[in-house]
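Me: I am new to this structure and would be grateful for a guided reading. Please take my questions in turn.

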Amino acid sequence: MEEKSTKSRAQWLTIGLFLVLIIFVVRLFYIQVIEYDKYAAQADQMQISKRTINPTRGEFFVLDKDGILSPLVLNQTVYTVFADPTQIGDGNIEKIRNLIQDVAGGQAITSNFEKLNDTAMQYVVLARQVTHTQAEKIRDANLKGVGLQATSRRVYPEGSLAAQVLGFVNVDGEGQYGLEQFLNKELAGEPGVLQSVTDVRHIPLTIGVHDVSIPAKNGTNYVLSIDRAVQAHVEHSLADGLKRVSATKGSIVIMEVDTGRVIAMANLPSYDPANYNKVDDSAVFQNTITMWPYEPGSVIKPFTIGAAMDTGSIGRYSTFHNTGCVMVADAKICNLYRQVDGETIDVANILRYSLNTGAIWALEQMGGGDINLIARQRLYNYFADNYRFTEKTNIESTGEAVGLMMKPDNPNGARVTYSNMTFGQGMNVTMIQVVAAFAATINGGTYYQPTLILGTINKNGKLVEQKPKVIANGVLKTETSKNLKEMLRAIRAGSVSMSQIDRGYYVGGKSGTAETIDPATGKYGGPTIGSYLGFVGDETGNPKYAIMVRVDDGHVAAGSTTGSAAAQPIFDAISRFIIEYEGVTK
Amino acid sequence: MGRWTTTDHNQNSSARRTKLNLSKIRTLFFETTDSLELSRKHRPDYLLVVLIMALALIGLIVLFSITPALTNGNDAESLNFMLRQGLFLTIGLVAFFIASKIPLDFWRKHGVKVFILAFFVCFILPIMGWLNISLARCTYGACRWYSLGNIGTFQPAEFLKFGTVLFVAGFLAVRTAQSKLNSIKESLLPLGLITFMSLFVIVVMQKDLGTGISLVAIVLTQLIIAGVKLKMIFLSIASLSITGIMAILIAPHRLARIATFLGQGNETADYHINQAMIALGSGGMTGRGLGQSVQAFGWLPEAIHDSIFAILGETLGFIGLVVIILIFAMLLRRIISKVDFLENTYLRLIVAGIFGWLVAHVVMNIGAMTYLLPLTGITLPLVSFGGTSMLFIMMSLGVVFGISRYTLHNKVKLEEGGEHASSVRGRRFGRPHYTNRSDSR
């Protein structure tokens, strides 16, 4: 009896054990089979770490005359110093404060220091933009709870040189304005991905099927067409020129006429892209040359004359009788220069004396003696299609604007507007549009894509040049182009002082003074904008550079125009420099 | 020769003496029954060896597959790891066969001494820890290991389990022979006192609840098999429960583990359980495969020790775990089934104690890994990495293997003219005499 009962106890224990083991098996089935997806997902989420490899942003260089690439914009690794107040420990706060103050100095964010006591926080920024050397010192101090975070910032070895051309990079790493924004995608490159199963310290393992390794694609490094020496001189000359006439604003652009490459592009006032966040008026970020269309005034006259000659409506030696003023519809349009009233004037002198009546005469000739639809259509065709004044140039600059131009069949005062357009009023264009078209009118008729890019740097650090891009040929006939440039040169050569400046080099140009609309009255009478459009070439008679200068609200002596008295002296200074610069190196 | 005989003691030798009477204490604790006079040895249960080796090899293979995780891919270190576990297994196997050859009388005669030695070794360890003696290795304030330098560590709690099995078996066998098994005063109270002393050393001083539960399981299983009245067993369980609650209140980390189990635990314990569940769950039906365990790479704490079951689940999947549980089930059933074929109470209780020990480990370990029981930090027998556990479990299984020679089971076969008869003959006649001469050739 007793023996039987003990035996059954052993069996009962076995049964009990088996029941428990069956519960385990059921439980395991639930965990491993039914809930597999849940745990597999949890495992993946925890074990697989996906790391983004940040690409290096592309840098900007310029090619010096000696063929060496010099940096304009570079990347620098800087560090953000932060602290985790929960990790510091009581006695160390004072030590941390002192060290950061000593090492980081001005970069220390002292207002955050009191947060070190706040253990509710886990991330307090103590200093930003700390250099590598400073970071080393902080690292060597080995303070508990203090960490360093590497970030990249842009540095500008040439300071504010060509600031609006370059733009800047904001704290989010996005290019703003200029080339930085326009080429942001190419500069940014593509982030790489490193995905793998990791151990608990997030060190990648070789097991597993989730491994992905895509290296980062670094951004493109660009070589700009900007000539560092010319750009620096241009900015200097512009500043001097503006100061001399107490002007508020000014811009200069210089383009190679046979390639479309911009070798200088300057705007004042400017800013320091390294400290873009200290700028009060964001208008200084804007590149006036590409973003602000304006009524350029008489610098447009060569385009009108070119169109009239090209259509055969006038010849180089055609003449007209200058009455000083003409009536177009109900508007009376007069010349500024009245010393040649009543004289018979040839085409070259229309440009020399900048006669509005002469420009209107040229338009009339395009319509067989009247500013009819044919005349207007012909002028429009040249301005819009040949000179491309109604289209963006697509230069590498963010926010490029395009001017306004009335259609020739507009019933509301097209005659008057088109008369004004012959001397650059009643229409809007940007400086880059004017310069690009001007280059085509004097280089034999080829319109090159204006560009700021000379090329890119390949993997081997070699420059890969970007070929000049021809947008259109036959902007003007070769003969027209030749006549036009000779007339523009003659204007300068005719003056003793100019010939001394130009020293026999092939220099030509045309000033312009545009009236602006006074915001107070809504009519013309605001501050004037003086412009000068010209070219510099060598003794062989080939223009090399098209140069345009713009000065806003210059103050000049009575009887002078801002075009000739404010803008032209700047052109003279620059053309002289270029002649010397090229002369020395040639 | 006769069958196993149990010589009963003179029951009235000391029964009516005063409490402090030395001879009574002798009777209570130290007096042993006479020689077991073992006879009718038959072939031992070799299936035990097969099942044990199956588990040990599975453990070794999975351990080998995750050594890169444990050694940061250092090949030399990986090999070292393997060699160590291989060495543990070899030592375990040697212990197994030595234990199986040791006459069972030896254990009965010296069981009490073994227990006292084990108790002493356990008792002085935390004291050495408090005295900062470097021999004691303490982690998180719990001193559970002796540090033996290059040889490794030694966990005396495993020794105490073995000692407890021997001591309680002897004690209850004597009480059974005296027909005092159900006497509270002479049987349960003294046993309870000694068990509480062990528990105090293990659970309170060493802060090792897992081993404490194992000890309780050993004693309870032996009580059950000894035939103690169920009422008495429930009484024991009740008093143990009270002690258990007190133990929990004394050590807050245990409360935290219970809290984890109830879903409100601290981060460390929660983390351990979560990682075990992720390891099991992500293993799925068929597992990630050998060498594909990710959780072993630092995610799952104690990957090769207490958490090896979860790594097995991640590597071998549900199917693999079912196979492993089946092997455990077969092994444990095979062990406890010996009880019903043994006449001698002492031997039955030895087997019962070892069964209770293994069951406690298997159930506590798998239960914790599957979030059915609180985490107590206990190894999976034969599979977990660790020398002491391997040594004493193999030794105990060796004792069981030795005992398996004396089951009545084979007597039936003998009467039927079965294999045992021939094996006896074989032993007598078949032994080739020339083997001795081979030396002189």
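Me: How many residues of chain B are in contact with chain A?
Reply: This is a predicted model, in which local features need pLDDT of at least 70 and side-chain atom pairs count only at pLDDT 80 or more, while totals for chains, interfaces and linings use all residues. Residues are numbered from 1 along each chain as its sequence is written, and chains are lettered from A and ligands numbered from 1 in the order in which they are written. Two residues are in contact if their C-beta atoms, placed from the backbone, lie within 7 Å. On the side of chain A there are 36 such residues, and on the side of chain B there are 35.

Me: Which element gives the largest share of the side of chain B that touches chain A?
Reply: Helices (H or I, at least four residues) and strands (E, at least two) are DSSP runs, numbered from the N terminus. The elements of chain B that give two or more residues to this side are α7 (209-226), α10 (267-283), α11 (308-337) and α12 (345-369). The largest share is 10 residues, and it comes from α11(B).

Me: How many helices and strands does chain B have, and what percentage of its residues is buried?
Reply: Chain B has 16 helices and 3 strands. A residue is buried if 20 or more other C-beta atoms lie within 10 Å of its own, exposed if 12 or fewer, and partly exposed in between. Of the 441 residues in chain B, the buried ones make up 47%.

Me: At what angle do α4 and α5 of chain B pack, and what is the hand of their crossing?
Reply: Axes are lines fitted to C-alpha atoms, for helices over the stretch in contact, and angles run from 0 to 180 degrees between N-to-C directions. The axes of α4 (residues 104-130) and α5 (residues 156-177) of chain B are 8 Å apart, at an angle of about 145 degrees. A crossing is left-handed if the near helix is turned anticlockwise from the far one by less than a right angle, and right-handed if clockwise. The crossing of α4(B) and α5(B) is left-handed.

Me: Which residue in the hairpin of β1 and β2 of chain B takes a positive phi?
Reply: Two strands pair if DSSP finds at least two bridges between them. Here 4 bridges join β1 (residues 136-139) to β2 (residues 142-147) of chain B, and the strands run antiparallel. Within this pair, Cys138(B) stands opposite Cys143(B). The hairpin has 2 residues between the strands, and the positive phi, near 55 degrees, belongs to Tyr140(B).

Me: In the sheet of 5 strands in chain A, which strands stand at the edges?
Reply: The open sheet has the order β12-β11-β23-β22-β21 (chain A), with antiparallel pairing. Each edge strand has a single partner, so one side of each is left without a neighbour in the sheet. These edge strands are β12 (262-268) and β21 (506-514) of chain A.

Me: Which helix of chain A lies across β11, β22 and β23?
Reply: In this part of chain A, β11 (residues 249-256) and β23 (residues 543-552) pair in the antiparallel sense over 8 bridges. The helix across these strands and β22 (529-537) runs at about 150 degrees to β23(A). It comprises residues 431-442 and is α16(A).
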